[in-house]
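Hello,

Here is the structure I promised to pass on. My notes follow below it.

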Amino acid sequence: MSRAELDPELLVCQARAGDVRARARLFSLVENGGLAAQNALAELAPLANHACVVGITGPPGAGKSTLLGRMAAELRRHGQTVAIFAIDPSSPLTGGAILGDRIRMQDLHGDPGVFVRSISTRGAVGGLARAVGDLVVTADALGYDVILVETVGAGQDETAIARVAPTVVLVEVPHLGDDVQAIKAGILEVTDIFVVNKADRGDADQAVAILRAMLSLGQRHDDWVPPIVKTSATTGDGVPRLLDAIRDHRAYLQREGRLEAWHRERARADLLAAVRDRLFAQAMARISSEQLDALVDEVASRRLDLASAVDRLIGEPGC
Ligand SMILES: Nc1nc2c(ncn2[C@@H]2O[C@H](COP(=O)(O)OP(=O)(O)O)[C@@H](O)[C@H]2O)c(=O)[nH]1
Ligand SMILES: [Mg+2]
């Protein structure tokens, strides 16, 4: 372990000064979690909350990664720096190339103004949003102007992306057909911008019409009218319009005080989740696996009720 890793303050300093290797190390340290990550985040958190954070979701193969590469290239042309995190389901079923390949294809690799990292979801379904949230805070604190987070909208909790990004983009493709059934109400409600990608392949207008009809049935919790943007990620068509839509949505959130409210809501949820985690860890640290097994036996055989078993684990309320 290098001195910088033992001294997160130094690592944060180097990373903020633009040291590309320090940045990569810092992201890894935060991704790995634990005490070192906590120390680094304590340094980073006060520097964050400036970046434009966007979640991109949709079915595997819709062209999300290709689109992200295009968006990053366009943002770079306008002098903006970009961090991209792709939550990689590590499944051979997705068929898409890994994000890094797509980005490399677009000549962004090696540009210090773009940071790209794939995050494996293996064994991390529950804590995923938090791990990604920490990476987003890190990128934000390091001064990246735009942070793009790609998730596959086929997971157990499709709407988790809305807990990471205040602006959510759903990418679909023409010929929705039966796939329409797969677009669940939950994801429709949290989507702020719809994209019909692969517009070069034909009938994108039909998909737009179907999405519009679905949208008219849904109930939003705000008065934002989600635009539907046609893109071709392979040619770049429609990408500037998509970026305009993202800017419009962010301006709407800011104007209405909703961005602040979103951050407060996130802070509350994160705080409560962290308290739960820590109390759980404390309770588990106080009991051996044999003791836990014995307690489980008692509950299973109904010799002990659940609440009394919990009392034994963490003490009675008020004690
Ligand atoms: N024709 C066409 N193909 C595209 C477009 N966008 C992506 N693709 C292709 O679709 C496949 C899946 O793309 P990828 O970006 O990996 O999709 P992801 O799984 O949603 O990230 C790749 O072969 C891309 O080259 C597009 O706009 N038009
Ligand atoms: Mg992808």
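Ser65 and Glu150 are both buried (under 20% relative accessible area; exposed is over 50%, partly exposed in between; 1.4 Å probe, protein chains only). This is a predicted model, where local features need pLDDT of at least 70, side-chain atom pairs count only at pLDDT 80 or more, and totals for chains, interfaces and linings use all residues. Residues are numbered from 1 along each chain as its sequence is written, chains are lettered from A and ligands numbered from 1 in the order written, and side-chain values use heavy atoms, without hydrogens and water.

The magnesium ion (ligand 2) has Ser65 (OG) and Glu150 (OE) as its protein donors, 2.2 Å away. Donors are N, O and S atoms within 2.8 Å of the metal (3.2 Å for Na, K and Ca); water is not among the atoms, so sites may look incomplete. The pair links distant parts of the chain. Ser65 sits in helix α5 (residues 64-77) and Glu150 in strand β4 (residues 146-150), 85 residues apart. Helices (H or I, at least four residues) and strands (E, at least two) are DSSP runs, numbered from the N terminus.

Now the whole chain. It has 13 helices and seven strands. Of its 319 residues, 42% count as buried.

Last, Asp222. It lies in the loop between α9 (204-217) and β7 (228-230). Why does Asp222 count as buried? Because its relative accessible area is 13%. Leaving aside neighbours within four places in sequence, Asp222 is in contact (heavy atoms within 4.5 Å) with Tyr252 and Arg258.

Best wishes
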